[in-house]
Structures are given as C-alpha cells and as structure tokens.
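Visitor: I am new to reading protein structures, and I would like a close look at a single part of this one. Could you take me through the packing of the nonpolar residues, slowly and step by step?

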Amino acid sequence: MLWRSADKLRGSMDAAQYKDFVLGLVFLKFASGSGAFHVPERARWDALAASGDASGDVGPVLDAAMDALMAANPSLAGALPKIFTGVDGHRLAELVALIDGARFDTARFDGTGDVLGEIYEYFLERFARAEGKRGGEFYTPAGVVRLLVEILEPYRGRVYDPCCGSGGMFVQAERFVLSHRGRRDDIAVFGQEANERTWRLARMNLAVHGIGGDLARTDTFHADAHPELRADFVLANPPFNMSDWYRRTDDPRWRFGVPPAGNANFAWIQHILAKLAPGGSAGVVMANGSMSSTQKGEGEIRAALVEADLVSCMVALPPQLFRTTQIPACLWFFAKDKGARSGHVLFVDARDMGTLVDRTERVLTPADIARIANAHRAWRGGEPVDEPGFARSVPLAAIREHGHVLAPGRHVGTPAVAAAEPPADRIERLTKELLACLDESSRLDALVRSRLDGPHG
C-alpha cells in the first residue's frame, strides 16, 4: 500500500529522480525520531509536515532542513539530497503527507534504525524494480547478499565493498553480526562508489541502520580510496562485463594478468584480491561468462587465480534472480588461506534452486541459502559434501584437466537417479495396484447402488 500510494504521486517524474525525493524524506523523518542525530528546530519532521499541510511552497523548506541537518552532523556532510526547490508544490506536499502518515513506529528507534531501516530497504528494492537495468547500479537482491554473508561469516573485522551501491552488503553484514550476539562495532566498514547519487543512498542507508563507515565517492580503478586497507572480508557486486572503465596496463593490482580493455570482470577480481588481508576472504557476484571465457587473456588470468589456490568456492546461481539484468550470474569465493582444503575448490550448482514470485523474478528462500551455506561450512571443516548434481570438492589437477573452466555444472555431475525397476517386479507391482483399484471401484459401485435402491425420503 505504501509503495502504491507513493508511486501514484510520481506522475511523469523519472523513477531515479523520484527515488531521491522519497528516500530523502524518509531519512528526515527517521532523523527526527531516532535520537541518533542532533536535529535543529528547522529540520524537525513535525515542523516540515506542518509546512506541507499549509500547502505553501514546501520545497525550499525541505532543502533548508537538509542543510541544517548536515551542518549539525558532520557525519552527514554531503550525503543528503537538496533537490526539492522548484518541484511541484502540491505534489510535494502530498508526498510529505504520505510519509508523515506512514506508521514507522519511531518510538522504537534507539539509533539502530530497525523499523525505518526496513522501510528504507523496501523502497530501495521497489525503486530498483522500477528503474529496471539502471536499478542494478545500487541494488543487489537481498537473497544473494544474504548468501554471500552466510558463506563468508563476517563475525569480526574489516568489511570492504569497492562498488558499494546503496550499502546493502554492509547492512547484511551488520545483521549477521547482531544475529550471532555480536556488537555493531565488531566490524568496521569501508567502501567506495563512483556514482554521486548512489553514494548518497549508501550514506543514508548506513545512517538509518546506525552503521558508521568510511565511504568514499571515487572511481575504484582511477583512485583507490583506501590504499592501505587490507580487509578481512570483501563483499561485492560489480557491474557485469563493464566495458567503459579506467585502465592502466602497468597497474600493480594486475598480478595475474592485465584485464582486457573491453571487460572489467577480472579487473574487479584482482582489485579485490589486492585488498585482502593475509587471512581474508571474499565473495563476488559475477556474470557467468567469467567462469569460462578465454577471450583476450581472460582464460590465462582465471588459470593463474586457480593455480595460486585463491579460489575457494564457485556457486552457479538460478536464473531470474536479478530483475535488472537477464545475464546469468554466479558467485566467486576467494580465500587467502584455505586451511585443510588447500588444493581444492568447492563447486555448487544451484541453478535449479529458488522460488518464482512472479513470471519474471525468482528469489532464494531461507532454506536454499541454508543448504548452500551449510555445504560450504561442512566443506571448510573437512567433512565430505559431494552430492551428484549439487556439490563436489574438486582438486586443482582435475580443474586443470578441464582447462580451468569453473562452471559448477562441469564438475558436480548429474543428480543420482533411482535404480531402474526390473520388468517382472514392475509388472507385479502394477498388477497389484490395478486389482486394488478394481476392488475399490467395486466397493464404491455397491455403496452407490445401495443408496440409490434404499428408501427415498
């Protein structure tokens, strides 16, 4: 209902622009009720809502509120949108009234942002759908992010995302920590994002969830914003097959080979590996082509990664998880120290998993996520996990024989099928089933006839 009401007010406005209006207002209401920020009088939500009710030109009032809130809270500097002046006053007043009437239960806010955080993420997801392909710039499906986090298990340490979008990876990492009785400050988050509007979304998203973080607004390939950082965990969903990217052939990050100018997939992977601490691990969403491509040196780079024993797990994802793109996707997992699993890679074929929520979108269920994560956890602990058609631990020598192709379907085999029933046994079973059906038919026939022949009354 909340989304339908808000979407009606959008009119002819572009979804990307409208997103900034809605989420900016949501944040203003959150700030007034949370106690996590110093909120000057002119930025308090009650006063802003009253300005909208008065049907005056609320746009300049909202921009002034954004200015005042940022000036009073240095952690928000540059993060809030000042875009309201000049917008249709009547429609803007209606939007303020809609947000004002939403039941955000601000009495529960203590800086954690639990309730409004869910509202914020809900709108992020809906706007990603509305924007289609462009929505992929700031939003990764929640099930995919949860799977990354459940496999990496970031209990404590430095968490990094080099293309952080709206910050969803950090939010899920924090939830993982809190769900395992950890504290919010058990992890420290670092990220960067080239798109200014998306960077603002991330800043607001982290603030709504009470997460402090060092988020830079720079192009990762042009300027590494955290050159000294060595992260314990990296979670990332880089743009698939990005062709327009800043590239220097002498970049020290290209330890395993210079990525081709027309595709940044292996540039992202090598940047991520360069940021890992000695015992660090990473989970990265990639286009399926990265698992098998041999174009322009990509096959050689992939082979070098495998031979360096950095690849720990490969997961083939189901189709239709990403509403914003039809490109099939997979997950790469890396570990600087694979322990007892040194010299092996776990392959998981999850292409048949997930549940369709409509004709075009599939989601990973909690059971799906648990099955995959538990297989990885058992594998890492040295337990046998081989299950034909689903999972298999494969030594590097066998991967080498397959030309370093990392598609799980190539390695896990086909699902086991029940042994064929002998013809004589099958005939005997079917005969018994047929006789039982005939007996039941005779019983029902007799019952019906007795009812028909009996007294009518």
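Predicted model: local features only at pLDDT ≥ 70, side-chain atom pairs only at ≥ 80, totals over all residues.

Guide: In soluble globular proteins, nonpolar side chains tend to be buried together. Here the largest nonpolar core has 49 residues, and V315, L331 and I372 are those with the most contacts inside it. Helix 7 gives the largest share of this core, namely seven residues. If we follow I372, leaving out residues up to four places away in sequence, we find that I372 touches L147, I151, V315, V348, A350, M353 and F390. Apart from this core lies another one, of 44 residues, with F30, V39, A68 and L69 among them.

E153 has a relative accessibility of 12%, and because buried means under 20%, E153 counts as buried. Setting aside neighbours within four places in sequence, E153 is in contact with F176, F233, R377 and R380.

Let us end with a pair of helices. The axes of helix 4 (residues 58-72) and helix 5 (residues 89-101) come within 9 Å and cross at roughly 55°, which makes helix 4 oblique to helix 5. Where they meet, V58, G59 and L62 of helix 4 face L92, A93 and V96 of helix 5 in contact, and by class this contact has five nonpolar residues, one polar residue and no charged residues.

How values were computed:
Residues numbered from 1 in each chain as written. Heavy atoms only, no water. Buried < 20%, exposed > 50% of the residue type's maximum accessible area, 1.4 Å probe, protein only. Contact = heavy atoms within 4.5 Å. Core = buried A, V, L, I, M, F, W, Y, C linked by side-chain atoms within 4.5 Å. Helix = DSSP H or I, 4+ residues; strand = E, 2+ residues; numbered from the N terminus. Axes fitted to C-alpha atoms, helices over the stretch in contact; angles between N-to-C directions. Parallel < 35°, antiparallel > 145°, perpendicular 65-115°, else oblique. Nonpolar A, V, L, I, M, F, W, Y, C, P; charged D, E, K, R; others polar.
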